[in-house]
Amino acid sequence: MSNPAERDITSEWANVKLPPAPELRPVTVDPKTTALLVLDMMKGNCGARPRCLASVSIVKKLIDVARAHDMMVVYNLTGAGRIEDIVDQRLAPRAGEFLIKGSGGADKFVNSNLDQGLKDKGIKTVIVTGTSAQGAVAGTTNGAAQRGYKAIVPVDGMSAEDAYNEQYAAWHLYKGGPAGLIMNVTLTRSDLIKFE
C-alpha cells in the first residue's frame, strides 16, 4: 500500500496543469430588473490590498452607469458598517440606496435583508462586484444562483489578496462550481456589459 500523502492533491500540486482562461462573455441587462452589488469595499480590507485598490475606478464606473440607468445599487459595509470606512468615498452610497443588514459571512444573502430587498424591487439579475473575489463575490454569487437570480460577475470589478484567489474565483464561477451556479453566472468584464 502506498503512502496516503502520495495520493492527495498536495502531492500533485506543482504538476497540475491550469485550465485555459475563462471565456468572458458580453451581456446586456435590463436596468429595471438588475441590481449592482458593491461588496466589502472598505479601508480595512480593500485598503490593504493593492489589487482591490486597482479595481476602485472600475467599480466606480459601474456605480455611475447603474445610477444613470436608475438601477438599484446595493452595498455591504463590513466591520463597523460605517460609510466613512469605505475605501474611497467616491464609492459611497447615496441616500436611499440599499444597505445590506444582518450579513456576517461570504454569502451576503445569509441572515440578511438582501433577498427580500431585491424581491421588493422586482430584481431578477445581480451584477456582483467587490472584495474578496473568493469570499464575498463568489459566496454571494452562489447565494444569488441558489435563490433563482441570474448573476453577472465582471472580473475587473472583483479583487482579492492575490492573483491566485481571483483566478480561483473566476474559474469556480465559470466552470469549476456546481451546475446550479455555473448555469446562472455570466463571467464578463465591465466594458462588455451593455444596458438596454
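This is a predicted model: local features need pLDDT of at least 70, side-chain atom pairs count only at pLDDT 80 or more; totals for chains, interfaces and linings use all residues.

**Inside the model**

The largest nonpolar core has 30 residues, and those with the most contacts inside it are A35, L37, V74, L114, L118, V126 and V153. Several elements each supply at least two residues of this core, among them strand 2 (34–39), strand 3 (72–76), helix 3 (114–120) and strand 5 (125–131). The largest share, 6 residues, comes from helix 4. Apart from this core lies another, of 25 residues, which includes L36, C52, L77 and I86.

| Core | Residues in it | Some members |
|---|---|---|
| Largest core | 30 residues | A35, L37, V74 |
| Another core | 25 residues | L36, C52, L77 |

If residues up to four places away in sequence are not counted, V153 touches V128, V137, T141, M158, L173, V185, T186, L187 and T188.

**Aromatic rings and the surface**

A search of the whole structure finds 2 aromatic pairs. One of them is formed by W171 and Y174, and it is tilted, with 5.8 Å centre to centre and 55° between the planes. Because W171 and Y174 are 3 residues apart in helix 5 (residues 163–176), about one helical turn separates them. W171 has a relative accessible area of 26%, so it is partly exposed.

On the surface, I9, W13, V16, Y164 and Y168 form a nonpolar patch, and together they have about 550 Å² of accessible area. V16 lies in the loop between helix 1 (9–12) and strand 1 (27–29), and V16 counts as partly exposed because its relative accessibility is 44%.

Notes:
Residues are numbered from 1 along each chain as its sequence is written. Side-chain values use heavy atoms; hydrogens and water are left out. Patches are made of residues with over 30% relative accessible area and no salt bridge: like charges are joined within 9 Å, nonpolar side chains (Val, Leu, Ile, Met, Phe, Trp, Tyr) within 5 Å. Accessible areas come from the Shrake-Rupley method with a 1.4 Å probe; for residues, only the protein chains shown count as cover. A salt bridge is a side-chain nitrogen of Lys or Arg within 4 Å of a carboxyl oxygen of Asp or Glu. Helices (H or I, at least four residues) and strands (E, at least two) are DSSP runs, numbered from the N terminus. Buried means under 20% relative accessible area, exposed over 50%, partly exposed in between (1.4 Å probe, protein chains only). Rings of Phe, Tyr and Trp (its six-membered ring) pair if their centres lie within 6.5 Å; planes under 30 degrees apart count as stacked, over 60 as edge-to-face and the rest as tilted. A nonpolar core is a set of buried Ala, Val, Leu, Ile, Met, Phe, Trp, Tyr and Cys residues joined through side-chain atoms within 4.5 Å. Contact means heavy atoms within 4.5 Å.
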